[in-house]
Structures are given as C-alpha cells and as structure tokens.
Amino acid sequence: MKQLLILSGKGGTGKTTIASSFIELSKARAFADCDVEAPNLHLLKHEGTKISKPYFGMKKAIIDQEKCIQCGLCKESCNFNSISFDGTYTIDEFGCEGCSVCEFVCPVNAIKMVDNENGEMTVYKGNSVFSTAELKMGSGNSGKLVIAVKNQLEENLTNQELTIIDGSPGIGCPVIASLSGVDMVLIVAEPSLSGISDMERIIKTARIFQVKIAVCVNKFDTNIALTRKIENYILPLDIDYVGKIPYDKLVTEFTNRGKMFVDEDLEVSKAVKSIYKQTIKILNS
Ligand code: SF4
Ligand code: SF4
C-alpha cells in the first residue's frame, strides 16, 4: 500500500480541492483528512456508514476545593501559568497542558487528572474507508489526534493499494504527525511571498522524513513572476516539479455545490489531471 500526503504551508491554497480531485481520479478506496483543526474533506468526499466516537487526548487537572489548603504550591509549579488565585485556586481548562506537575506537588492530594474530551473521531465505511476527526476549539495537541486519524484509517483498511491523506496546513506538530509513515508528499504552493516561505519550510521538514517530494503551484496565473521564482527555487533541488494550475472561479462554484470539477472540460481540470498522473508515476517509481 502506498501513502500519498498532500500538504500546503497554510490554509486556502487549494490543498483539499486537489486531495479530493486525486481521490476522484484514482478511485482511491482509502483516504483521510488530517486537518483536524478545520476538517472539510467530508464536505466533498464520503460515502458509507458514519461511525463517530469521542476522542480523549490529554488529561486535565482539576482541584477539589474541599481538600485544598491554599498553600499555592500548584500555582508556583505550573510552567504554563494555568493556575490562578482569586479567593480560591482555579485551573484554566484551556491553558492546562496536562503535565501533572500540580498533582505531583499538591501536599494534600487535592488535585487529580481527569479525562478530557478533546474532539470527535469519525470513520465512514462502505466501498471506501474515510477517516477524519475534529479537535474541539481550544484543545491542544492536534498532532496526537492526527496520529489517531491515521491509526483509525489503518485499523479499517482491507488491502487498499493507495491511500490519499489531506494533511494539516502549516508546518507545526500536526504536519510532522501527518508526515510519519507516508511514501510521498505533494506540496501545493501558492505564488505569494508567504506561500514561497511556507513551501521552503515544508520542504525542509519533509526532507527530514526522507520521503519523495513533489511540488505543484496552484493559481499560478495570479502571480506569474512568483510562480517562476518557485520553479527556479525547485530546479536545483532533487525535488519533482509536477506542474501548475490556473485560477478558475468555477472551481469554488463546483466545490460550494459539493461537486467535483475535475471531470469537466476545463483548463484547470486538465492541469490537475496532468499533475495527478505525474504524481502517481513518481509515487510508484
Ligand atoms: S497539569 Fe500541568 S499545565 Fe495543567 S494546571 Fe497542572 S501544572 Fe499546570
Ligand atoms: S497545591 Fe493543593 S493544596 Fe496547595 S493550593 Fe494547590 S490544590 Fe490547594
């Protein structure tokens, strides 16, 4: 089984549109959305029975006020400044990182770590398997949930040949979690100064994982000069440049209607198909 991960340095580059197009073109029967902070692949692609369950990631500390003798040791010891005093010692549930130090230092066992529902995991099972999840707002540790999404996909697989993963935007912990175990990453770059900087940072991160790397440029005609800059940056590197996609407002119109544009007779569809063919060729080489 080969795993293809699609990444972009930030949201809004068309990463999910390309991922859903690749799923459509390949008829892949295994795919996942690892953008757990703002999942949206399910709006475009899913079928089968939906099975959801709560996700408990990180425990949180709570104080039993009956037992607390107000010594203040927990507040002094919390490196995340998540404990405040306003007549009583209280823990900020959004600031608590679940490190357990306060539980350890409390002299009267007034603090305990409790399970905390950080989000929801969902798998759609039918002719295909689609794994996704959504992190609750303010819950940290999205990298752990990304791993859980990938594990959930694997647990439900039956011999699929290709897995397509829509990765998290950015370059942080969830991206690193998305990268682990994949065979190839396709980076969707956009021709803007921040887009180029994001692309360079993702390339550096992906190289650490020693996976095959390819780059495509989306909405290339919105800035031809910066598209050339991306192409010139990639040229001397051992990275495949698989093509560029023009901007077409019809893509958004199709997407908003939950429809795929890739089968339409459009320049943008031809460009995505060509990028798909090259990417799969590299993945299987
Ligand atoms: S568990 Fe750690 S982060 Fe949370 S309140 Fe206690 S010391 Fe602070
Ligand atoms: S360490 Fe324990 S007893 Fe001391 S203030 Fe914190 S909760 Fe209360």
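Residues 24 or more positions apart account for 76% of the contacts with a separation of 6 or more in the protein chain; a contact here is a pair of C-beta atoms, placed from the backbone, within 7 Å. This is a predicted model: local features need pLDDT of at least 70, side-chain atom pairs count only at pLDDT 80 or more, and totals for chains, interfaces and linings use all residues. Residues are numbered from 1 along each chain as its sequence is written, while chains are lettered from A and ligands numbered from 1 in the order in which they are written.

**Overall layout**

- The protein chain has 285 residues, and 42% of them count as buried. Buried means 20 or more other C-beta atoms within 10 Å of the residue's own, exposed means 12 or fewer, and partly exposed lies in between; C-beta atoms are placed from the backbone.
- Nine helices and 13 strands make up the secondary structure. Helices (H or I, at least four residues) and strands (E, at least two) are DSSP runs, numbered from the N terminus.
- Along the principal axes, the C-alpha atoms fill a box of roughly 70 × 45 × 35 Å.
- Domain 1 covers 2-47 + 138-284, and domain 2 covers 60-114. These bounds come from an automatic or database domain assignment.
- The centres of the two domains, taken over C-alpha atoms, are 42 Å apart.

**Nonpolar cores**

- The largest nonpolar core holds 63 residues, with Val 185 and Ile 187 making the most contacts inside it. Such a core is a set of buried Ala, Val, Leu, Ile, Met, Phe, Trp, Tyr and Cys residues joined through C-beta atoms within 7 Å.
- Strand β11 (residues 184-189) gives this core its largest share, six residues.
- Another core lies apart from it and has 10 residues, including Ile 83, Tyr 89, Cys 106 and Ile 111.
- Val 185 is in contact with Leu 5, Leu 7, Leu 179, Ala 206, Val 211 and Ile 213, leaving aside neighbours within four places in sequence.
- In soluble globular proteins, nonpolar side chains tend to be buried together.

- Six of the six residues of β11 are buried.
- Met 184, Leu 186 and Val 188 point one way from β11, while Val 185, Ile 187 and Ala 189 point the other way.
- In a regular strand the side chains alternate between the two faces of the sheet.
- Strand β1 (residues 2-7) runs parallel to β11 and is joined to it by four bridges. Strands pair if DSSP finds at least two bridges between them.
- Leu 4 has Met 184 as its bridge partner in β11.
- Strand β12 (residues 212-218) also pairs with β11 in the parallel sense, over six bridges. Here Ile 187 stands opposite Val 215.

**Ligand surroundings**

- Ligand 1 has 13 residues around it, with Ala 61, Cys 78, Cys 96, Cys 99 and Cys 102 coming nearest. A residue is near a molecule if its C-beta atom, placed from the backbone, lies within 6 Å of it.
- The shell of ligand 1 divides into nine nonpolar, three polar and one charged. Ala, Val, Leu, Ile, Met, Phe, Trp, Tyr, Cys and Pro count as nonpolar, Asp, Glu, Lys and Arg as charged, and the others, Gly among them, as polar.
- Ligand 2 has 14 residues around it; Cys 68, Cys 71, Cys 74, Cys 106 and Ala 110 come nearest.
- The shell of ligand 2 has 12 nonpolar residues, two polar and no charged.

**Positive phi outside glycine**

- Asn 109 is not a glycine, yet its phi is positive, about 50°. Asn 109 sits in the loop between α3 (101-105) and β7 (111-114).
- Asn 109 counts as exposed because it has 9 C-beta neighbours inside 10 Å.
- Gln 210 also has a positive phi, about 55°, although it is not a glycine. Its place is the loop between α6 (193-208) and β12.
- With 7 C-beta neighbours inside 10 Å, Gln 210 counts as exposed.

**Two partly exposed residues**

- His 46 lies in the loop between β2 (30-33) and β3 (49-56). His 46 is partly exposed, with 17 other C-beta atoms within 10 Å.
- Beyond four places in sequence, His 46 is in contact with Tyr 124 and Phe 130.
- Glu 120 belongs to strand β8 (residues 117-125). Glu 120 counts as partly exposed because it has 16 C-beta neighbours inside 10 Å.
- Not counting residues up to four places away in sequence, Glu 120 touches Ser 52, Pro 54, Tyr 55, Ala 133 and Glu 134.
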